[in-house]
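Welcome, and please bring the model up in your viewer. We will go from one selection to the next.

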Amino acid sequence: MNDMSDITGQSAKDDWVPTSCALCYGSCSILAHRVDDVVVKIEGNPESVVGKGRLCGKGVSGIMTHYDPNRLTVPLRRTNPKKGLNEDPGWKQISWDEALTEIADVLRRLRADDPRKLTVQRTTTVSASRTPFLAFNAAFGTPNLSAAGGGMHCGNGAHLLSGLMHGSWSIVPDFQYCNYALFFGASKGHAAGHASASNMGMAAEARARGMKMVVVDPMCNFAAAKATEWVPIRVGTDGALALSMCQVMVNELTIYDEPYLQAKTNAPYLIGPNQRYVRDEATGKPMVWDVQFGAARPFSDVKAADMALDGDFEVGGVPCQPAFELLRRHLRKFTPEWAEEITTIPAANIRRLAADFANEAHIGSTIVVDGVTLPYRPVAAIAFRGSQGHMNSVYNFFAISLLNQLVGAADVVGGCLGFNPASNGFEETGRLAYKPHPDADGLMKTGTWMGYHLPYPIAEPRLPEKSGLQDLFVFGLTSPFLDSDDSEDLWQKLELPYRPEVMMNFGANLLMSIANKESVANSLARYKFMFSFDIFLTETSAFADIVLPDCGHLQTLDSRSNYPFIFSLPAGMGEWCWPIRQPVLPPEGEQRRFQDVLLDLADRIGIRADVNAAYNASMNLAAPYRLQGDRQYTYEEICDAELKSNFGPERGLDWFKAHGVLKWPKKPEEVYWRPFADVRVPIYWEFIVPVYEKIKAITEPRGVHVPPEYYEPLPDFLPCLSHQCKAPGFDLYAFYYRDILHTNSFTMENPWLDEAAQLDPLSYTIAINADTGRQKGIADGDWICVENEKGRKVKGRVHLTQAIHPEGLGVAACAGHWGDGMPVAKGKGVFFNDLLELDWEHSSPINLNLDLCARVKVTLEKEGKR
Ligand SMILES: Nc1nc2c(c(=O)[nH]1)N[C@H]1C(S)=C(S)[C@@H](COP(=O)(O)OP(=O)(O)OC[C@H]3O[C@@H](n4cnc5c(=O)[nH]c(N)nc54)[C@H](O)[C@@H]3O)O[C@H]1N2
Ligand SMILES: Nc1nc2c(c(=O)[nH]1)N[C@H]1C(S)=C(S)[C@@H](COP(=O)(O)OP(=O)(O)OC[C@H]3O[C@@H](n4cnc5c(=O)[nH]c(N)nc54)[C@H](O)[C@@H]3O)O[C@H]1N2
Ligand code: SF4
Ligand SMILES: [Mo]
């Protein structure tokens, strides 16, 4: 800290505090410039790998979120017992002791009755909230942890596939070496996505280096605007394009990486007529056809190069084929001409894209990185929210993943990288080491993970205990069925043994972030009691009985703002980096950190020992830093324990507060781990067959039909419901996209970001193709009404542009707030989610993803306003 003299001669306290942003889940490392206990500026922390000294506009504006006079500063209790969209809660200030006494009474009684009746809901935007809530959840004993719109909008398909194929939460091109990146509805390094600010720099450098970037997207927005080529696609049809590209590569061009498929996938495993592996009777291992021996043998006994990929065989009288042969045959129907009909992308373009991708992969080539010779495949097919935010989420992402698998561009130099799934750990302590490893079938299990269950092996489906039904629909991470219109019907049929009664919410604005507000409001009103940790009164907090004023990102503490190297640390060569978040400013009024409040509640309801045990497990604390019995540790002490446990006794919380981050170099074998790990990934999902049988055995007798076409071992293209709408006048596909200026429903309240968004022609408007608009007699700036097939309506001002597919209707972010608690946000922008239905029919029957597109009709608003 420097003591400086200002012009008045008075001394000013002036310092820069290293901490982490939380305006989105990227958690970029920041430096907060603090002068006389006021933060006057936020900059990127160049010492950190997370952001690399860069910030986005939201991060810089975080200062205005902190100093917003509408921030909550006292606990509030509702006085109006009625809950509804038009009910005023009648907030009354209460003391912390009153608030926590009442909450603890409710929780104590509930836990004695049935802990599963507690639903814990949290926003993923503050990613650091994960560990404390997971610990509380586990200790309390409820399986119901949910993430509002998170997952079923953004990651249910992405995390499943990235987990199965890359041992990782997410994927990104190896920007340092990639020459051809194909983006399917993802903005990794352009506006949104994971590891934003780091990826923004890396993506820019890659483009300057000459990396071609091809963006498949219904809109030419942030990623496509920077691309070499924009490929406009009909909403929700990415699977058809990817399958067709696979068809061209495998059957028309016959370009694919045979040695990779033999050694690193289950492509050579023999499949019988029952869609299952042909297994060795003695060992139970899947068999391959050994071309040297001319016989089927367990995969582990055969050299990869001797494994047949093609042909028909017979083993013990059973006809069978290698999985790859089945894939090759399966792909034949996905011709570019077929795909053109579905995607609107001309067949010739599909052939060109496939040829470019296949040729740019330079199959067979190697490169030396830091003295290590490694496979070099400088192409990557990437996807995230856009292409998989649909009912056909799983197959779409599966088909896109196959592009990388076919050319061997998975976790090798220049290819598609998982987000740091392999690490040798911190050398001095040997901690934080993990890497993918094989199961008995040779298929990859992740070395580290952060979901409720591992992506593989697939969990055993059972009669649900989770109100979201994910223990039955085991491919789903998060679920719409906590809130859907028909959840009671599903719970009854599937014999859920209890009903949700109490909700503990952390920040999430589920009333806005999931789907139409009526459906979610009905679900929220069903809870007998709800309390919410908030920094603002959101639309959702209006359904709470008690609201607790939380500290914001500049006031809070977290020993793992970037754990476990997944969200924020860029993939690729460079350094490992462990940053923390620390308080720069004290609480205002009666604000308290949620982590401390959770510990206080644990003590009040008598579950401290369980919470300590849960922290030991989730932070993987090593002796002597394990938390003991029911000792009342502060959250500071828990953070200190985690840091010392990982990095040694001299690098505790104090060291991290002073230094901000700890770094050490990555090795090529960690970043490009695939050649060094004896694991295979499934290009053919044999495991899906028994899983479906088990799901069906539970659902069919109980009157719930689960369509089998979602559970095939090879991906297909399944149309969204919106593709099937034939009602006259419903000729546009409505979709949303992230605004570079806003995070989900959060930042419209930030005055700097709001001002910038008002200047932007798209942030708060509805984008329609200019020619389509003119045909409909709509002019730029007109007010229109957008109506979905069920008659739900959304209104807004039109922006006509050439930068959108002629059938598309694009809305930015999750705006259109109506509550009084965020007055800057109120009335700004368009609330897209009012066009989304929330029921079984509109959910993926395999991974529970919501269908995030709607077929809509637009009409001109005569009055020229809302
Ligand atoms: N139309 C549309 N819908 C969407 C999306 C979209 O882009 N458009 N995105 C979807 C996706 S992928 C997701 S993940 C979800 C996200 O949706 P949600 O998780 O419901 O929330 P966000 O909209 O991200 O807003 C973050 C919330 O956290 C609160 N908050 C921020 N910091 C803190 C803090 O330190 N403490 C506390 N207690 N609260 C805090 C903010 O007040 C805000 O309410 O929305 C989904 N829904
Ligand atoms: N600036 C900013 N950054 C964020 C967030 C934010 O709200 N704002 N949110 C964070 C969160 S929670 C998440 S999940 C990530 C999400 O990050 P992204 O995956 O990048 O999310 P989106 O921008 O919603 O969707 C990506 C693209 O998909 C397109 N798209 C929509 N439908 C389709 C389709 O059917 N097919 C194809 N091919 N494209 C389609 C959209 O036009 C958009 O360009 O971003 C994180 N980072
Ligand atoms: S990308 Fe996210 S975490 Fe990084 S500066 Fe922007 S808002 Fe903050
Ligand atoms: Mo998300």
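Start with ligand 1 and select Arg738, where a side-chain N or O atom is 2.9 Å from a nitrogen atom of the ligand; a polar contact here is a pair of N or O atoms within 3.5 Å, and within protein one must be able to donate a hydrogen and the other to accept it, with residues adjacent in sequence counting only if both atoms are side-chain atoms. Taken alone, ligand 1 exposes 920 Å², and the protein buries 98% of that (Shrake-Rupley accessible area, 1.4 Å probe; for residues, only the protein chains shown count as cover).

A word on the ground rules: this is a predicted model, in which local features need pLDDT of at least 70 and side-chain atom pairs count only at pLDDT 80 or more, while totals for chains, interfaces and linings use all residues. Residues are numbered from 1 along each chain as its sequence is written, chains are lettered from A and ligands numbered from 1 in the order in which they are written, and side-chain values use heavy atoms, leaving out hydrogens and water.

Next, show the backbone of Phe533: one of its polar atoms is 2.9 Å from a nitrogen atom of ligand 1. Now colour by domain (bounds from an automatic or database domain assignment). Ligand 1 lies between domain 2 (87-153 + 501-665) and domain 4 (721-860), because both give residues to its shell.

Move on to ligand 2. Which residues come nearest to ligand 2? Of the 32 around it, they are Asp217, Asp238, Arg738, His742 and Asn744 (a residue counts as around a ligand if one of its heavy atoms lies within 4 Å). Arg738 places a polar side-chain atom 2.6 Å from an oxygen atom of ligand 2. Show the backbone of Val216 too, where a polar atom is 3.0 Å from a nitrogen atom of ligand 2. On its own ligand 2 has 900 Å² of accessible area, and the protein covers 98% of it. Domain 3 (156-418) and domain 4 (721-860) both contribute to this shell, so ligand 2 lies between them.

For the last stop, select Phe184, Phe475 and Trp685, which touch the most other members of the 135-residue largest nonpolar core. Such a core joins buried (under 20% relative accessible area, 1.4 Å probe, protein chains only) Ala, Val, Leu, Ile, Met, Phe, Trp, Tyr and Cys residues through side-chain atoms within 4.5 Å.

Technical notes
Buried < 20%, exposed > 50% of the residue type's maximum accessible area, 1.4 Å probe, protein only.
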